[in-house]
Amino acid sequence: MNGNNVSHSKRRTKKSFDVNLFSKKFYWPEQDEWIVLKVSAKGLRTINKKGINAALIDAAKKGRI
């Protein structure tokens, strides 16, 4: 997504808004292995809330994996 960075003098320069991604290592107890996922900040909160197995199943149903 693109937009403008507006200074105090109202001078506009281009700015891009990037997704907040992290490479994170998770332990998956059902498979007894460590996996590395590139997740957003919201995805990280979802994994902490639901658990890794439920979050992976939901993401697979929605076609995000």
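Guide: Happy to! A residue is called buried when its relative accessible area is under 20%, exposed when over 50%, and partly exposed in between. Please keep in mind that this is a predicted model.

Visitor: Thanks. Which residues of α2 are buried, then?

Guide: The buried residues of α2 are Ile52, Ala55, Leu56 and Ala59. Looking down the axis of α2, these buried residues fall within an arc of 100°, so they line one face of the helix.

Visitor: And what do the buried residues of α2 pack against?

Guide: They pack against β3, β4 and α1.

Visitor: Let's pick Leu56. How accessible is that residue?

Guide: Leu56 sits in helix α2. Its relative accessibility is 15%; the cut-off for buried is under 20%, so Leu56 counts as buried.

Visitor: What is Leu56 in contact with?

Guide: If we leave aside neighbours within four places in sequence, Leu56 is in contact with Trp28, Ile35, Leu37 and Ile65.

Visitor: How far is Leu56 from Leu21?

Guide: Their C-alpha atoms are separated by 17 Å, and the two residues are 35 residues apart along the chain.

Visitor: Which residues make up the largest nonpolar core?

Guide: There are eight of them: Phe26, Trp28, Ile35, Val39, Ile47, Ile52, Ala55 and Leu56. The elements giving two or more residues to this core are β3, which spans 21-28, along with β4 and α2.

Visitor: Which element gives the most to this core?

Guide: That is α2, with three residues.

Visitor: I see Ile47 in that list. What does Ile47 touch?

Guide: Not counting residues up to four places away in sequence, Ile47 touches Phe26, Leu37, Val39, Ile52 and Ala55.

Visitor: Switching topic: what volume does the largest pocket have?

Guide: The largest pocket has a volume of about 500 Å³. It is lined by 17 residues, and the closest to its centre are Gly43, Thr46, Ala55, Ala59 and Arg64.

Visitor: Which elements give two or more residues to that lining?

Guide: Those are β4 (33-40), α1 (41-50) and α2 (52-61). The element that gives the most to the lining is α1, with five residues.

Visitor: How do the lining residues divide into nonpolar, polar and charged?

Guide: Eight are nonpolar, three are polar and six are charged.

Visitor: Which residues other than glycine have a positive phi?

Guide: Lys10 is one of them, with phi near 65°. Asp32 is another example, with phi near 55°.

Visitor: Where do Lys10 and Asp32 lie?

Guide: Lys10 is in the loop between β1 (2-6) and β2 (12-16), while Asp32 lies in the loop between β3 and β4.

Visitor: Is Lys10 buried or exposed? And how about Asp32?

Guide: Lys10 is exposed, with a relative accessible area of 60%. Asp32 counts as exposed too, at 57% relative accessibility.

Visitor: What about His8 and Ser7, where are they placed?

Guide: His8 is in the loop between β1 and β2, and Ser7 is in the loop between β1 and β2 as well. His8 is exposed at 83% relative accessibility. Ser7 has a relative accessible area of 34%, and that value lies between the cut-offs of 20% and 50%, so Ser7 is partly exposed.

Visitor: One more: what can you tell me about Ser23?

Guide: Ser23 lies in strand β3 and is exposed, with a relative accessible area of 58%. Leaving aside neighbours within four places in sequence, Ser23 is in contact with Leu37 and Lys38. The C-alpha atoms of Ser23 and Ser9 are separated by 38 Å, and the pair is 14 residues apart along the chain.

Visitor: Great, thanks for the tour!

Notes
Residues are numbered from 1 along each chain as its sequence is written. This is a predicted model: local features need pLDDT of at least 70, side-chain atom pairs count only at pLDDT 80 or more; totals for chains, interfaces and linings use all residues. Side-chain values use heavy atoms; hydrogens and water are left out. On a 1 Å grid over the protein atoms alone, a cavity is a set of points where a 1.4 Å probe fits but cannot get out, and a pocket is an open set with protein on both sides within 12 Å along at least five of seven lines; lining residues have an atom within 4 Å of a point. Grid points are joined across faces, edges and corners, and a volume is the space filled by probe spheres set on the points. Helices (H or I, at least four residues) and strands (E, at least two) are DSSP runs, numbered from the N terminus. Ala, Val, Leu, Ile, Met, Phe, Trp, Tyr, Cys and Pro count as nonpolar, Asp, Glu, Lys and Arg as charged, and the others, Gly among them, as polar. A nonpolar core is a set of buried Ala, Val, Leu, Ile, Met, Phe, Trp, Tyr and Cys residues joined through side-chain atoms within 4.5 Å. Buried means under 20% relative accessible area, exposed over 50%, partly exposed in between (1.4 Å probe, protein chains only). Contact means heavy atoms within 4.5 Å. The arc is that of the directions from the helix axis to the C-beta atoms.
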